[in-house]
Amino acid sequence: MEENIFDRFMSQKTLFKNKEILRHDHRPSHLPHRNDEVERMSYNLWEALKGHIPSNMTVYGVTGAGKTAVTNYICHHLKVKGETIGRKVDSIMVNCRQIDTQYRVLSHLGNMLLEPHESEEIPFTGWPTDRVFKELVRRMDARGGVFIIVLDEIDHLVRKAGDDLLYNLTSLNGSLNTARACVIGISNDLKFTDFLDPRVRSRLGQLDILFRPYDAEQLQDILRQRAERALQENVLGPGVIELCAALAAQEHGDARCALDLLRISTEKAEFTGENVVNQSHVRAAQSQIEADQMNPVLATLPTQQKLVLAALLLNERNGLRNVATGQVYDIYRQACQHIRQSPLTQRRISGLISNLDMLGLITARTVSKGRYGRSKEINSCIPANVNPVEIMVAAEEELGVVFASNYQHQSSL
Ligand SMILES: Nc1ncnc2c1ncn2[C@@H]1O[C@H](COP(=O)(O)OP(=O)(O)OP(=O)(O)O)[C@@H](O)[C@H]1O
Ligand SMILES: [Mg+2]
């Protein structure tokens with residue numbers, strides 16, 4: 001019989017009981033360390049079970065702080081309770097990163113409310129926005145009850161399309177006859193309300209809920225609870241949970257990052273046929289995550305940014321550290337000649353250096369040079385397991401010449 005490439009996996013022992021439980025979209029039935037947030041949000045949404053309008057809420061917090069998970073969890077309980085006591089409460093969650101225009105959000109909401117006997121879907125495009133809005137209001141009134149509209153990752157939509165949608169949705173109750181609506185906006189940008197019209201800001205922010213980042217101990221509890229159901233008994237070596245939690249807490253208390261570390265470390269141990277996950281697997285998982293995050297950033301840098309980074313790397317290849325802007329500029333200019341591009345001014349390059357710093361690819365520290373004024377000390381900070389030259393050249397072949405050419409290096413000040 002022909003050998004199948006999967007045969008060797010079929011006989012391999014798996015370290016997972018149920019890997020799905022470590023996935024981001026798994027909905028845990030218990031969310032440790034979010035009792036206060038659950039309590040404040042559910043106390044407000046209790047109004048819906050009485051047939052009243054809950055306050056609109058803005059939910060803030062860093063990425064991976066559990067905002068989406070907690071909101072889903074509460075909406076699920078709300079729906080179940082509504083059904084048991086015979087109150088109509090519907091919640092609709094829209095991810096505004098995926099559905100990112102006012103028209104698409106309104107049509108999506110409207111289509112979610114389509115009754116089985118109704119067949120007219122609101123089209124993807126084509127209707128005037130006020131017609132879509134009127135149709136949404138009509139469908140909400142036809143169904144009746146209280147609607148909780150959750151706009152997840154709302155900052156994306158506001159940045160892209162402004163706050164008209166929020167204005168319209170937060171004034172829905174003025175247009176509705178029998179139904180009621182409440183809006184929950186979720187954002188991981190704490191400053192996103194700065195972009196809002198003051199009227200929208202005050203309507204949406206009737207109740208602000210801040211999700212603080214998890215600390216290492218809280219992340220350990222979250223990981224233990226998920227690991228218990230996701231992994232086989234006794235597969236975690238000493239200190240593995242603690243290390244995953246500590247690394248994710250350093251990052252910014254991101255539970256998603258902690259879960260990824262645990263899943264990838266276990267996959268690494270499983271792949272090499274080991275029975276126990278140890279701390280070296282966690283370190284390897286962390287390097288892989290870092291590389292996976294950095295590769296697309298490097299590959300998609302605009303050409304001029306790539307050239308500036310290349311100029312810094314070429315200085316470093318020549319043994320220099322704490323490189324000054326002038327030295328980067330000098331090599332950048334020569335690199336531009338090699339690939340026949342006109343160089344930008346040194347001023348523009350300073351701006352591009354700041355961008356690379358913001359992206360976490362370099363560090364640029366301003367230092368005082370006494371009577372010579374101030375200068376920057378620039379160093380690359382790309383993890384050792386990432387090869388920036390290879391990635392940039394793979395993305396833009398012409399850059400191969402930049403790295404293969406000879407340069408005249410200035411002496412350092
Ligand atoms: N307290 C918790 N207990 C168990 N799992 C949690 C907890 N908080 C977060 N998680 C898990 O961590 C992951 C990230 O959480 P979630 O998606 O809710 O973050 P978020 O705050 O919405 O982040 P983002 O701003 O990036 O959307 C999910 O898999 C979620 O199930
Ligand atoms: Mg989220």
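# Exercises on a predicted chain

Lys 79 is partly exposed, its relative accessible area being 41%. Here "partly exposed" is the class between buried (under 20% relative accessible area) and exposed (over 50%), found with a 1.4 Å probe and protein chains only.

This is a predicted model, in which local features need pLDDT of at least 70 and side-chain atom pairs count only at pLDDT 80 or more, while totals for chains, interfaces and linings use all residues. Residues are numbered from 1 along each chain as its sequence is written, chains are lettered from A and ligands numbered from 1 in the order in which they are written, and side-chain values use heavy atoms, with hydrogens and water left out.

## Exercise 1: Get your bearings

Find how many helices and strands the chain has, and what box its C-alpha atoms fill.

Step 1. Count the elements: there are 18 helices and seven strands. Both are DSSP runs numbered from the N terminus, helices being H or I with at least four residues and strands being E with at least two.

Step 2. Along the principal axes, the C-alpha atoms fill a box of roughly 80 × 55 × 55 Å.

Step 3. Now turn to burial: 46% of the 413 residues count as buried.

## Exercise 2: Follow the salt bridges

Work out which residue pairs with Lys 79 in a salt bridge, and where the two partners lie.

Step 1. Start with the idea: side chains of opposite charge can pair when their charged atoms come close. A salt bridge here means a side-chain nitrogen of Lys or Arg within 4 Å of a carboxyl oxygen of Asp or Glu.

Step 2. The partner of Lys 79 is Glu 83, with the closest N and O atoms 3.2 Å apart. Both residues sit in helix H3, four residues apart, about one turn of the helix. Glu 83 counts as exposed because its relative accessible area is 56%.

Step 3. Asp 100 and Lys 160 form a salt bridge whose closest N and O atoms are 3.1 Å apart. Asp 100 belongs to the loop between S2 and helix H4 (102-112), Lys 160 to helix H6, and 60 residues separate them. Lys 160 is exposed, at 53% relative accessibility.

Step 4. Glu 233 and Lys 17 also meet in a salt bridge, at 3.9 Å from N to O. This pair spans 216 residues, from the loop between H1 and helix H2 (35-49), which holds Lys 17, to the loop between H10 and helix H11 (240-251), which holds Glu 233. Glu 233 is exposed at 61%, while Lys 17 is partly exposed at 46%.

Step 5. Finish with the overall picture: the whole structure has 20 salt bridges. Lys 19, Asp 260, Arg 263 and Glu 267 are linked in a network of them.

## Exercise 3: Explore the largest pocket

Describe the volume and the lining of the largest pocket.

Step 1. On a 1 Å grid over the protein atoms alone, a pocket is an open set of points where a 1.4 Å probe fits, with protein on both sides within 12 Å along at least five of seven lines; lining residues have an atom within 4 Å of a point. Points are joined across faces, edges and corners, and the volume is the space filled by probe spheres set on them.

Step 2. The volume of the largest pocket is about 1100 Å³.

Step 3. Its lining has 44 residues, and His 24, Thr 68, Ala 69, Asn 72 and Arg 256 lie nearest the centre. Elements giving two or more residues include helix H3 (67-85), strand S2 (89-95) and helix H12 (255-271). H3 supplies the largest share, nine residues.
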